[in-house]
Every structure is written in structure tokens, then in C-alpha cells.
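Open the model in your viewer and keep the selection tool at hand. We will go stop by stop, picking residues and reading what surrounds them.

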Amino acid sequence: MLTLFKAMFKEEWRMHSTLFGNLNFALFPVLIFAIAFMGAFLLPLVHNMMDTFILSIVVHAQFLLMGVMVGSFGILGKEVMNRRFGQSSLIAYSARSLPVSERILFLNFVVKDILYYFILWVLPFCMGFLIAAPFINLSIFWPLLLFLTISLAFLTGLCVVFLLSSVYAVSKRALYLVLSLILVAFAVVSILYSPVFALSYLLLPANLFVSFSYSGLLISLLLIFVLFFLSVVFYSPYDTSSEKHYKNLLNSWSEKLSFLKDSTLVAKDFIDLYRSGIGIGQTIFSFILPLCLIWLVMSFVNQFLPQTGILFTLAVVSGVIASTIYTWLTEFDSISAYYFLPLRLSSVISAKAKTFTVLQAVPVIFLAVVAVISGGIGFFLNSVVLCLSVSFFELALMVRLCGLSPGTMIYNVRVFLVYILVTGPVILVLLGLTFISPALAYLSALMLIPAWLMMKSGFKKWDSEDFTGL
Amino acid sequence: MASVIRTDNLTKTYGELRAVDSVSLSVEKGSLFGLLGPNGSGKTTMIKMLTGQIKATSGSAEVLGHDSLKDGIKVREVVGIIPEQETPPSFLTSSEYLSFVAKIRNIEGIEKKADWWFDYLDFADKKDVLCKDLSRGTRQKLMFAQAFLHNPEIALIDEPLINLDPVMQRKVKNFLKDYVKAGNTIFLSTHILEIAEDICTDFAILHKGKLLHTGKVGELKEKGVHLDDFFMDLLERS
């Protein structure tokens, strides 16, 4: 077991480090450390503006969110096994010929992934605060407690979504039932007590950071254990369904999309989304859930924002998260499945960008709901322009930097650094402008010009690169 | 005979590794050319360079008069290719995959052509099944069908008989022989020497990226030398 785990871990490291070099990959956590270290110096300033509990919720929610986005193993189920393990070059594949059950194999894979993300993100982030603590006259107790509670937040988010996605893989109705029950329980507690009270239970680790107790720690650990245990019980690595026959959709769908140049490739993307179930699963777990969580957290910092602050901040965040739709579209199968046909990489990327464009209806609908509920319907159009401009800008940046492998390339420290150095200022400037005047949100449309240029240069770049069959 | 594939000092390096090392060869029209060699000898790299899927480090290559290095798309338009791994897109059915290939290649009347292949390779019952749910053998049949869907003058095929049962292997071998008799050319990459001896007219032996020998299978047969003995002997001496 341990040998298998260690081998998988080593393999994960080598897979990334051979792609962009040991140093480029090893520097990734160093970069996260540096960001946290420098961010710690802003703490006294932020603390003057914000209550400790609210600040704790904001920080912990980010790591809960990361856990939420990482934890959807369950929806992928057998597909993860096929896609990740289906490559004969991977240890996990060869391990299938050993007397090890697929459930154990999958468990190794999950724990390895958790530990990997932990080392890449959580640990360096906390170390940044720990090292910065003496410079900002902060007791070492706080960074150490933060390390504990942030780890709990990350694991809670991960386990909640692991369970929900495993339930989803078994029965979609059961998932909707569980989600409805959670929402009703949250609403009832909010009405009976207060939304802050309800949220503090939803974000137990944040509460624990503000008022630490051993009983609270025990409850948090127990919750993680129960969620993880149930996830593994519900998770099924096996496809028990009998051989299914499907109607030919490619001809009719590409006919409907014939106004597009790459209609066949776009139709293929939609068939992938539809038949894999990943389209709905990812929309719920990687889009709706995280954004609802951000929305909820933002309602607590509302007092620090202008009237339209929530809507515009959510528009920008939706834009950034919506851009990750491109990552889903690149993960169905390897391009080597059809690269031997007369196709350029740029044609495949361009088709995915078109599919991406159609899928931008998802953030638009989400913003419509937010606008209606938050009473900002008058600024709906502004927020849509803002969101889509950010989303397309980020898409172009990803295409330029990562081509068809955004899920892997983002761990190249150079790529990640460029990504955050370009994205960060853009987001800050846009938020600043919209806070000055809602009408300035329309200015964000200007970002489509550099986006278009980046996309074009991305096409050129990837067409001239030697395709390695990732 | 006119040569339809020609390489001159074709080389591909990955850092220190010379995957293909200054290979110069010529394939005549109407031949069934076998590129033979042990695992890792550079056969698949050769096919990928010839079809512009990867760029050569140096040297030149031409397929049907098109420069493989500069115009890989044109080469891939005119040839048929069976790649090394049988991995058609997961969520398309077999018939959708053939439609997909036909649309990319602008092939008319695909239903009739696809049905012919489903019947010929005996997998019509799998045409509405998702590619990810197909057995390896059926996937290989599908990859075989897509390569010949547009009746290419040349097909570059990488281990096309792997995963096929003996009955199907016989059928495929007969198809390839007939295809060549009709004036077309096959560039076959394989390490299974019995297959090469059975169907190839010409052959080349690649080892550690270097071309060790080119010759005609018929000439060996006339001398009473088996291809596998010749191959082993050559490798031992190299």
C-alpha cells in the first residue's frame, strides 16, 4: 500500500517536472509562499477595516473553495480511472494487474492528490504567514492556528464535494435532494438565529480560528472523517451498466452549428459534455457551488463595498471562474485521438473557444439571478459586459500560455506567475473603476482587443510548437 | 517505379537522444513497404515526421511530392494514417467517429462507406456503442476503417494487426495485399516479422534510430533466408 502510494506520488512529481523542468515546478510552492509572505504585511491595514471574524471567514472560505474545486473526484468516477490510469505508462495502470482492488487503488489516488494539493498550496501559504509573523509583531500562535484551521477548511470543502459528487454519480435525484436539504437547513437556521450563526456552522474552521476549543476541533475532524468515509462508501469505480447504444448526434448537431467554421469539432465538444455528464457536474461543483459560497461570504463584507459592489465583484469573479470552462473542454480526451487527421492545433483550440463562447450563458444566467435577488437588475447589463470581458480575456491568456493543456501547464511557475501578474492588476483596475461608477463597467469591453491579439498569437505559437501528444 | 515517399538524412533528436538518426530512404509506388525494428527503434517517430505530426530536427522528407516538414497538413490530407495507439475520442460512437473523420476530410456519402467497413470488419453491432466502451480489437478495426475511408493513395499504418484475432488478421492482410495490387502504397511499421515476411514487398530495418538495411522480401525468399533470421543476425552485428 505505502509502496504504491509513494510510487504514485513520485510519478505525479515526475509527470509535472518532466513537462516543464524540475525548477519550474519546484518553484510553484515557493511562489505561493512569497505571495502569502508579502500579503501578511497588508494584514494590519486590512484588519483596521475589517472585523477579525469576517476576515477569518474570507480567508477560510478561499481554502474551503479550493477544496470544493479539487474534490469532485466522484463525478468523474470511472472516467478518472480511464483517463488518468488508462495510460499504460502510469504506475496506477500497471497496479491494476496486481491483487489490489480498484477502490483501494482509487483511495491511494485520492489521498495522493489531496497531499499533493496540500503541499502545493496550503503548506506554502501558511509558511508565508508563519515566517512573516515576527516582522508584523504577530504572535506565532496565530499562524500555527491558521495552518490548522485552513487545513481543516480545505479538507472540509474537499470532502463535502467528494461526497456530493459521489452521490451525484450514483443518483442525480439523490444529489438534488441532499442539496435541497442543506439549503433548507441553512435557511431555517438563518431565520431562527442569524445568517452569521448559520455560516459559522457551515464554516466551522473559521469559527475555530476566532474562538478555538478542543471540542470544536474534534467536531471539525469528525465531520471530515464522516464525510470522507461516506464518500468512499458511495463512490463506485465500476461501470455496472450494460452496453449502451446511442443515436448519432454528430451529424444533426454539426448541421445545427454549420454557421461556425469548425462545426464538427464544436459538435464533438458538446457531445462530450452531454454524454459524460461532466457538463452538468462541473457546472454545479466547479461553478455554481463556489460562486454561491463567494456570494454568501460577500454578503458579510457588503458594508465595505459600494451599493453595486456584490454584483460587480461577483461579475469579475464569475468571469475568472467561467474561464476555467476552457479547462473542462480540454480534458475529455487526448488530442492524439485525432491529431493524425489534417487538423491544426489552432483549429482544435479555436473550436473549443467557440464551445466556450456558447457556455458563457451559464455565468450570464447566474448574474441574472444575483441581479434580481440583490436588487441590482438595473446594472445587469453592466455586470454581463464586465463578466464576459474578463472571461474572454482570461480564456485568451490561457490559450496563449497553456494551449490545450491548461490543467497541467498552470503548475509551471513561469506560466502561473505570468497568469497572476496579468490577471491581478486587470481585476483590481476593473473593480476600482466599477466602484467609482457602474457605467465604467462598459470600459471592460476594451479588454477584448488584447484578448483577440493574444488568441491570435496563441494560435501561431501552438501551431509552431512540436506537438508531444499530451 | 516512381518513389512516393522519400527522406534524406531525416533526423529527430530529443536532447541527447537521437530517436531517428540521418535516415535516407525511398518507397516506390505500389509497394507494401515494411519499416521493421525493435521497440524504441524510431519507427513511430518516422511515421510522425513523415506525416508532419512532429517536426524533424534536420533533413528532409516528402510524401507524394508534399514537403512533410513544411506542409504536414497537406500530407495528412492525402494519406491515411493508423496511429500507434488505438484511442478514438471517448464519447463518440463508432459511426459518429467515422462521420467525424469524414467531415474533417470532406468525404461525401459517408453512411454507405461506413456501413461497408462495419460489415467488412464485422463490427456492425458496435456502430452505436461509445468508443470508450469498445474492446481494443474493435477500436483497432475502427482505426483501420478511418484510415482507408477516403481511399488514399498511401496509407502509413503503425502496428495495424495488434489486438485483432487470427480471422480478422487474415482479412486485413488480404485487404492490404489487394490495396497494393490496385496501385496504392502501404508504409507499414511493425516489429512482428512474420507479418512483414507474409505481406511486404520491400523492407527497411531501423535500430536505435539508424537505418541498418533496406531490401526486397522476395530477394531474401529466393536465397532461402527467413526475414527473422536476417533481422536477428543484422541486429547482432550492429
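Start by selecting A:Asp269. This is a predicted model, and in it A:Asp269 has a relative accessibility of 2%, so it counts as buried. Its partner is A:Lys352, in a salt bridge whose closest N and O atoms are 2.9 Å apart. Is A:Lys352 buried or exposed? A:Lys352 is buried, because its relative accessibility is 5% and the cut-off for buried is under 20%.

**Across to chain B**

Colour the two chains separately. On chain B, 35 residues are in contact with 35 residues of chain A. Together the two chains bury about 3,200 Å². Carbon and sulfur atoms account for 56% of that area.

How many salt bridges are there between chain B and chain A? The count is 1. Select A:Arg275 and B:Glu96 to see their side chains meet in a salt bridge, 2.7 Å from N to O. Polar contacts between chain B and chain A come to 9 residue pairs, with both residues at pLDDT 80 or more.

Next, highlight helix H2 (72–78), helix H3 (94–105) and helix H5 (136–148) of chain B. These are the elements that give two or more residues to the side of chain B that touches chain A. H3(B) supplies the largest share, with 9 residues. By type, the residues on this side of chain B divide into 15 nonpolar, 7 polar and 13 charged.

Over all chains, the salt bridges number 16. Several in chain B are worth a click.

- Select B:Lys127 and B:Asp115. They form a salt bridge, with the closest N and O atoms 3.1 Å apart. B:Lys127 is in the loop between helix H4 (110–120) and H5 of chain B, and B:Asp115 is in helix H4 of chain B, so the pair ties together parts 12 residues apart in sequence. B:Lys127 is partly exposed, with a relative accessible area of 27%. B:Asp115 also counts as partly exposed, at 33% relative accessibility.
- Select B:Asp233 and B:Arg237. Their closest N and O atoms are 3.5 Å apart in a salt bridge. Both lie in helix H9 (residues 227–237) of chain B, 4 residues apart, so about one helical turn separates them. B:Asp233 is partly exposed, at a relative accessible area of 38%, whereas B:Arg237 is exposed at 59%.
- Select B:Arg18, B:Asp21 and B:Lys210 together. Salt bridges link these residues in a network.

**Strand S3 of chain B**

Move to strand S3 (residues 32–36) of chain B. The strand is mostly covered, with 5 of its 5 residues buried. Show the side chains and look along the strand. In a regular strand, side chains alternate between the two faces of the sheet. Which residues of S3(B) point one way, and which the other? B:Leu32, B:Gly34 and B:Leu36 point one way, while B:Phe33 and B:Leu35 point the other way.

Strand S8 (residues 185–190) of chain B runs parallel to S3(B), joined by 5 bridges. Select B:Phe33 and then B:Phe187, its bridge partner in S8(B). Strand S9 (residues 202–207) of chain B also runs parallel to S3(B), with 4 bridges between them. There, B:Ile205 of S9(B) stands opposite B:Leu36.

**Last stop: helix H1 of chain B**

Select B:Thr45, in helix H1 (residues 43–50) of chain B. Its relative accessibility is 15%, so B:Thr45 counts as buried. What is B:Thr45 in contact with, leaving aside its neighbours within four places in sequence? Its contacts are B:Lys12, B:Tyr14, B:Ala19, B:Val20 and B:Ile54.

H1(B) is mostly covered, with 7 of its 8 residues buried. Among the buried residues are B:Lys43, B:Met46 and B:Leu50. Finish just after H1(B), at B:Gly52, which takes a positive phi of about 70°.

Technical notes: Residues are numbered from 1 along each chain as its sequence is written. Chains are lettered from A and ligands numbered from 1 in the order in which they are written. Side-chain values use heavy atoms; hydrogens and water are left out. Buried means under 20% relative accessible area, exposed over 50%, partly exposed in between (1.4 Å probe, protein chains only). Contact means heavy atoms within 4.5 Å. Buried area is the accessible area (1.4 Å probe) that two parts lose on being put together, summed over both. A salt bridge is a side-chain nitrogen of Lys or Arg within 4 Å of a carboxyl oxygen of Asp or Glu. A polar contact is a pair of N or O atoms within 3.5 Å; within protein, one must be able to donate a hydrogen and the other to accept it, and residues adjacent in sequence count only if both atoms are side-chain atoms. Ala, Val, Leu, Ile, Met, Phe, Trp, Tyr, Cys and Pro count as nonpolar, Asp, Glu, Lys and Arg as charged, and the others, Gly among them, as polar. Two strands pair if DSSP finds at least two bridges between them.
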